[in-house]
Amino acid sequence: MPRFMLFMYPVVSDEQYEQGPSLEDVQAMSKYNDELIKAGALLAGDGLAPDVTRVSVNGVVDGPFSEAKELVGGYWILQAKDPEEALEWAKRVPLSGESFVELRRIYEAEDFSEEIQAVAYKP
Amino acid sequence: VSTAATQRAIEAVWRIESARVIGALARMVRDVSLAEDLAQDALVAALEKWPQSGVPDNPGAWLMTAAKHRAIDLMRRAKRLESKQADLARLMAASQPEPELGDEVLALMFTTCHPALSTEARVALTLRMLGGLSTPAIARAFLVPESTIAQRIVRAKRALATERIRFEVPEDLEPRLASVLEVVYLIFNEGYAASAGDDWMRPALCEDALRLGRTLASLAPRLSEVHGLVALMELQAARTPARTDRDGNPILLADQDRRRWDRLLIARGLAALERAKQLGLGAYGLQAAIAAEHARAPRAEDTDWVRIAALYETLARIQPSPVVELNRAVAIGMAFGPELALRHVEQLTDALPGYHLLPSVRADLLAKLGRREEARAELEHAATLTSNARERDLLLERARILGR
C-alpha cells in the first residue's frame with residue numbers, strides 16, 4: 001500500500017502566527033486526526049514550531065525568511081490504497097482562508113532501478 | 001475529469017466510508033445484511049450520479065443520506081402498515097444527528113467476527129464490510145474464484161440471520177475478542193506467509209489487516225491484546241522490505257539486511273507493545289515482545305536469544321501449542337546449542353504431523369551438529385509438505401547445498 005506525505009501550509013497573518021492556532025482550529029484538526037486514526041490510515045503526524053534555521057554550504061542562517069507564510073506548519077504520513085484515497089483524505093483537512101495542503105507520494109524501493117537500489121542497500 | 005478517474009475517486013470514498021455507513025444503517029434496521037445491501041445500493045447510485053454531478057463536498061454524508069432514503073422506501077413498500085409507521089418514525093429519528101465514527105464500527109466488527117460464523121465466513125465478511133474490499137478483490141487476495149467468495153458471503157449473511165446474531169457491541173468485550181483478533185491475524189498471516197500460490201508474501205493483505213487492527217485499537221483502547229496484536233503486526237510488517245530478494249524469493253530473518261526494515265513501523269510497534277505491557281501482556285503481546293527483541297538487534301548476532309527463549313517459555317505456559325514449542329526449540333538452539341534444542345524437537349513429532357517447519361527446523365539443528373546427510377533428508381521431506389512454490393524452492397536449495 002503506497003505511503004503519502006501531506007504537508008500543511010497555513011497562510012496566516014504575522015499576528016496570527018505569533019498567537020498560534022485557535023481553540024476551534026485545534027478542535028477541528030483533532031477531529032480530523034481522529035478520523036485518520038480510526039481508519040487505520042495514519043502512520044505519523046506532527047505540528048511544527050515556526051522557528052526556522054537554514055543550513056547550506058554557505059553556512060547557517062536563522063529565520064524568519066520573507067516567504068515565511070509558505071512555511072510548512074505540519075505534516076502527516078498516510079498509508080492509502082491508491083492516490084485517490086490519499087487525495088480524499090487531503091480534501092478533508094480542515095482549512096481556512098488561503099491555507100492549503102500539499103500531497104506527495106513517498107518513494108518506495110521499487111521506484112528505483114536495480115542499480116540505484118543496489119547502491120542504497122549494499123554496504 | 002474522466003469517468004474512470006471519477007470511478008476511482010468514488011471507490012476511494014467508499015473504502016473510507018463504507019464501514020461507518022453500514023454500521024449506522026445496521027443500527028437503524030437492526031440487520032447487517034440488509035444494511036450492507038442498502039449501502040451497496042447507495043454506492044451504485046453514487047457511481048451513476050457522481051460522474052455527471054461531480055463528487056459532492058461531503059461524500060460520506062451523501063452516501064449515508066442515499067442509503068437512508070432507500071431504507072425508508074423499503075419500509076414504505078413493506079406490507080405491515082403499523083410496524084411500517086413505527087419503523088419510519090425510528091428511521092426519521094435516527095437519521096437526524098450525524099453519527100460519530102465509533103460504536104457502530106466496533107459493533108460491525110464484533111458482528112462480522114461473531115464466533116457462531118465459520119472462520120472463512122468471518123474473514124470474507126470482515127474484509128468486505130470493514131475493509132471496504134469488493135468480492136473480486138477478496139477473491140484475488142485469497143487466490144480463489146470470485147464465486148467462492150460470493151457464496152461465502154451469502155452463506156455468512158444467512159447465518160447472521162438464522163443464528164439471530166444481534167448487531168451490538170457486546171457488554172463484555174473480552175470473551176468475544178479472541179474471535180475478532182483471530183480473524184485480523186489470519187488475514188495478516190495469509191499475506192505474510194502465503195499458504196498457497198507463487199508469491200511468498202502478499203503485502204496488501206498484511207496492510208488490510210494492519211488497518212483493521214489499528215481501527216480496533218482506537219475503538220477499544222483498554223484491551224491489552226488488541227495493542228499486543230497491533231504491535232506484533234507492525235513489527236512483522238516492518239521486515240517486509242527485507243524478507244524477499246528482487247526475484248521474490250524468501251530471505252530468512254538471520255540473513256535479512258536490517259537497514260531495509262521500516263523504522264517507522266518498528267517505532268509504532270514498540271509504542272503499541274508499551275501500551276499492551278501497561279495493560280498486562282497476553283499471548284499476542286508476548287509474541288510482539290519476541291518480535292521486538294529481533295527489531296532491537298542491529299545485527300542478527302546481537303539477538304538476545306536467552307530472553308527470547310524465556311518469552312517463549314511464558315507464551316507456552318499461557319497458550320500451550322506445539323507450534324509455540326517448535327519456535328521455543330529454535331530459540332533454545334540459538335541460546336543454548338543445537339543438542340538441547342533437538343531433544344525438544346523430537347518430542348513434537350507426533351503433535352505436528354505434516355507441518356513443514358518441523359523437519360525444516362530439525363534439518364537446521366542436525367546441520368549444526370554436522371549430521372549433514374540426515375539434515376538433507378529432512379529438508380527434502382519438508383519440501384514435500386509445503387504448498388507454497390517459493391518456500392519449496394528455498395527448502396530444496398538448502399538441501400542441495402547440504403548435499404554438496
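Start with R20(B) and E35(A), whose side chains form a salt bridge with an N to O distance of 3.3 Å. This pair crosses between chains: R20(B) sits in helix α1 (residues 3–29) of chain B, and E35(A) sits in helix α2 (residues 23–38) of chain A. Both R20(B) and E35(A) are buried. Keep in mind that this is a predicted model.

## Salt bridges

Side chains of opposite charge can pair when their charged atoms come close. How many salt bridges are there over all chains? The count comes to 38. Three of them are set out here.

| Salt bridge | N to O distance |
|---|---|
| R20(B) and E35(A) | 3.3 Å |
| E88(A) and K91(A) | 3.9 Å |
| R166(B) and E168(B) | 3.2 Å |

Look at the pair in chain A. E88(A) and K91(A) both belong to helix α3 (residues 83–91) of chain A. They are three residues apart, so about one helical turn separates them. Are these two partners buried or exposed? E88(A) has a relative accessible area of 6%, which means that it is buried, as the cut-off is under 20%. K91(A) reaches 53% relative accessibility, so it counts as exposed, the cut-off being over 50%.

Now turn to the pair in chain B. R166(B) has a relative accessible area of 58% and is exposed. E168(B) stands at 29% relative accessibility and counts as partly exposed.

Salt bridges can also join up. One network links E35(A), E88(A), K91(A), R92(A), E17(B) and R20(B).

## Nonpolar cores

In soluble globular proteins, nonpolar side chains tend to be buried together. Here, the largest nonpolar core holds 130 residues. Which members touch the most other members? They are L25(B), L63(B), L108(B), L127(B), I187(B), F188(B) and M233(B). Helix α1(B) gives the most to this core, with eleven residues.

Leaving out residues up to four places away in sequence, I187(B) touches V123(B), L127(B), L205(B), A209(B) and L212(B).

## Helix α2 of chain B

Helix α2 of chain B covers residues 32–53, 22 residues in total. From its first C-alpha to its last, the helix reaches 30 Å. That is close to the 32 Å expected at 1.5 Å a residue.

At the start of α2(B), a side-chain oxygen of D31(B) comes to within 3.0 Å of the backbone nitrogen of S33(B). Further along, α2(B) bends by about 30° at L47(B). A proline, P51(B), follows within four residues. Just after the helix, G54(B) has a positive phi of about 85°.

Several residues of α2(B) are buried, among them V32(B), A39(B), L43(B) and W50(B). What do the buried residues of α2(B) pack against? They pack against α1, α3 (59–77), α5 (103–112), α6 (119–129) and α8 (146–162) of chain B.

## Chain B as a whole

Chain B has 19 helices and zero strands. Its C-alpha atoms fill a box of roughly 80 × 45 × 40 Å along the principal axes. Of its 404 residues, 51% count as buried. Take the contacts in chain B between residues at least 6 apart in sequence: 64% of them join residues at least 24 apart.

E234(B) lies in helix α11 (residues 224–237). With a relative accessible area of 1%, E234(B) is buried. Not counting residues up to four places away in sequence, E234(B) touches L210(B), R214(B), L265(B), R268(B) and G269(B). R155(B) is found in helix α8. Its relative accessible area is 49%, so R155(B) is partly exposed. R155(B) and T384(B) are 229 residues apart along the chain, and 34 Å separates their C-alpha atoms.

Conventions: Residues are numbered from 1 along each chain as its sequence is written. Chains are lettered from A and ligands numbered from 1 in the order in which they are written. This is a predicted model: local features need pLDDT of at least 70, side-chain atom pairs count only at pLDDT 80 or more; totals for chains, interfaces and linings use all residues. Side-chain values use heavy atoms; hydrogens and water are left out. A salt bridge is a side-chain nitrogen of Lys or Arg within 4 Å of a carboxyl oxygen of Asp or Glu. Helices (H or I, at least four residues) and strands (E, at least two) are DSSP runs, numbered from the N terminus. Buried means under 20% relative accessible area, exposed over 50%, partly exposed in between (1.4 Å probe, protein chains only). A nonpolar core is a set of buried Ala, Val, Leu, Ile, Met, Phe, Trp, Tyr and Cys residues joined through side-chain atoms within 4.5 Å. Contact means heavy atoms within 4.5 Å. The expected span of a helix is 1.5 Å times one less than its number of residues. The bend at a residue is the angle between axes fitted to the seven residues ending there and the seven starting there. A polar contact is a pair of N or O atoms within 3.5 Å; within protein, one must be able to donate a hydrogen and the other to accept it, and residues adjacent in sequence count only if both atoms are side-chain atoms.
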